[in-house]
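I opened the notebook to look through this structure one element at a time. My entries follow in the order I made them.

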Amino acid sequence: MEGPSKDTVVSLSDREISPEIIDSCRRGDREAFRALYEAYKDKVYSIALYFFHGDTGAASDATQQTFLKLMTNIKSFRGDSEFSTWLHRMAVNTCMDGSRKNKSRERSEEPLELVRIGEPASHDEDLARRQVASRIQAALSSLPPKLRMPILLRYFEDLSYIEMAKALHCSAGTVASRLNTGHKLLAEKLAKLRGMGR
Amino acid sequence: MKMADEKPPSGRIEPGQLPLVKAPDAIWKSIVAALDATPELRRVDRFSFPVWQWAAASLVVIGGVSWFASRPAKATWEVARLEGLPSIGSQTLASDGAIKVGEWLQTDASSRARITIGNIGVVDVEPNSRVRLVAASATEHRLTLARGEISATVTAPPRLFLVDTPASTAVDLGCAYKIQTDESGDGLLRVTSGWVSLEWKGRESLVPAGANCRTRSRTGPGTPYFADAPEALQQALATFDFGGGGPDAMNTILAEARVRDTLTLWHLLSRVESAERIRVFDRMVELVPQPDSVSRDKALQLNPATLKSWREELAWKW
């Protein structure tokens, strides 16, 4: 199967934030914070949206909280770790806190409406992508949070095991184990969905 | 070309198969509103000066940065008056000030103050509280809370910020929390974000967001429990921790425990005798199936690696 074009997916490395922008944020520069927000908002929102099973309200809350924490605490960012790793750690904590606070948000009644970022595709391509995405999203939603989050981090950010371990507060071995288990479960779920699609 | 009826992939997903989703514009507006409501985060307009003033300011900044980088670390933290008239030592704090290592900050029934903890966070000192700055170094940020209540919001590497009370030390693991105590050490920790480790004389309670932990004079930290745990469980736990225990208390704890109360049961494993430990273990695996990585024998022997591994798995339910 030929997958969709990868160039339509925004890569974090393509939008790396300069140290100058982070320094300006430390000084409370709102313009710099806006630039930083623009660079990372869709990644953070996407991770939260898939984590909360397509609940746009929960994802918006988590995104807002993540960036508010970032602005409040950016003075403590020492620069001895990757900024994106620090941001992911905050996003993961916010999602997990949100999940604990409101268990009801673990399931969404409405299907996820995807607004894709990237080049416009043909109607057929767009429809196919939406179908594949919604099936994967359905399979992802059935995974427990501890398996779902590593896959989202791996998928959206292509983080290394070490980076994920830092974001998830666990060892790289645990990350590897959870990714492995998550992918096996995902394969089972997708196989069922494939069967249903026939 | 991809066809509309194409089946989803059979297993591993790859970038591009799941589209990035655009964040709604309303999020930025809500962030701006929240920032504007927070005095210390209000807008700094970098274009409000003429160019020549920027040039002059740049020279001053360069000089300032050079001086800042070469100066010794200051052993004081900024203090802002929030309400009433707090005092530092014998001086009443009429506006903003600073607290030095060794000094006491005190609030009365109508005053509150905010301490900026170096560059890692803030501590709000609530009314009727007495706080001392013990250490303000690069490797240790430490307060003593002799009595009263503080709210701490900290983003820093684990174990950098510590608060001593008469019956515990709250060790920040990257979090937000409130801790209160009286002068004897009777108190309560409430964690709102992240984790706090409450430690005293070799006893350790790990408290996640949404959970509380009591402290008592001469006993130290009790067993953590979620704030939404059944009332009967909370009362039985207080009896177990500080009231002499007894079979009734343990029976109630085990009977009332829910899945997320495995937080409490995990701590109890190492705080009960071996016969009781088996009952606690069995109740835990009844609530949450035992992971493959956890051996029953090793868990009952309190093998540290096994308990840690189990806690990491259970934490996803907490």
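**Entry: a helix in chain A.** I began with helix α6 of chain A, residues 145–157. At 1.5 Å a residue, its 13 residues should span 18 Å, and I find the end C-alpha atoms 17 Å apart, which agrees. I note that the model is predicted. Next I looked up burial. α6(A) is mostly covered, with 11 of its 13 residues buried. Among them are A:Leu147, A:Met149, A:Ile151 and A:Phe156, but also A:Arg148, A:Arg154 and A:Glu157. Just after α6(A), I found A:Asp158 with a positive phi of about 55 degrees.

**Entry: another helix in chain A.** I ran the length check on helix α3 of chain A, residues 56–73. Its 18 residues should span 26 Å at 1.5 Å a residue; the end C-alpha atoms are 25 Å apart, which agrees. I then listed buried positions in α3(A). They include A:Ala58, A:Ala62, A:Phe67, A:Leu70 and A:Met71.

**Entry: chain B overall.** I turned to chain B, which has eight helices and 16 strands. Of its 318 residues, 35% are buried. I also looked up contact range. Counting contacts between residues at least 6 apart in sequence, 39% join residues at least 24 apart.

**Entry: strand β9 and its partners.** Which strands pair with β9(B), residues 141–154? I went through them in turn.

- Strand β7 of chain B, residues 121–125, pairs with β9(B) in the antiparallel sense over five bridges. Here B:Val123 stands opposite B:Ala152.
- Strand β8 of chain B, residues 130–136, is antiparallel to β9(B), with six bridges. B:Ala136 has B:His141 as its bridge partner. A hairpin of four residues joins β8(B) to β9(B).
- Strand β10 of chain B, residues 161–165, runs parallel to β9(B), with four bridges. B:Arg142 is partnered by B:Leu162.
- β11(B) runs antiparallel to β9(B), with seven bridges. B:Ile150 is partnered by B:Ile179.

**Entry: one residue in β9.** I picked B:Thr153, which sits in strand β9 of chain B. Is B:Thr153 buried or exposed? I count 20 C-beta neighbours inside 10 Å, so B:Thr153 is buried. Leaving out residues up to four places away in sequence, B:Thr153 touches B:Gly121, B:Val122 and B:Ala176. I also checked B:Thr153 against B:Ser193, 40 residues apart along the chain, and their C-alpha atoms are separated by 8.7 Å.

**Entry: the cores.** The largest nonpolar core has 59 residues. I asked which members touch the most others. They are B:Ile115, B:Leu189, B:Val191, B:Val196 and B:Val207. Strand β11 of chain B, residues 168–181, gives this core its largest share, six residues. Why does the core lie between domain 2 (75–222) and domain 3 (230–318) of chain B? I place it there because both domains give residues to it. I then took B:Val191 alone. Beyond its neighbours within four places in sequence, B:Val191 is in contact with B:Cys175, B:Tyr177, B:Val196, B:Val207, B:Pro208, B:Ala209 and B:Ala211. A second, separate core has 53 residues, including A:Cys25, A:Phe52, A:Leu140 and A:Leu143. As background, I note that nonpolar side chains tend to be buried together in soluble globular proteins.

Definitions and conventions
Residues numbered from 1 in each chain as written. Chains lettered and ligands numbered in written order. Predicted model: local features only at pLDDT ≥ 70, side-chain atom pairs only at ≥ 80, totals over all residues. Helix = DSSP H or I, 4+ residues; strand = E, 2+ residues; numbered from the N terminus. Buried ≥ 20, exposed ≤ 12 C-beta atoms within 10 Å, placed from the backbone. Contact = placed C-beta atoms within 7 Å. Core = buried A, V, L, I, M, F, W, Y, C linked by C-beta atoms within 7 Å. Domains from an automatic or database assignment. Pairing = 2+ DSSP bridges. Expected span 1.5 Å × (residues − 1).
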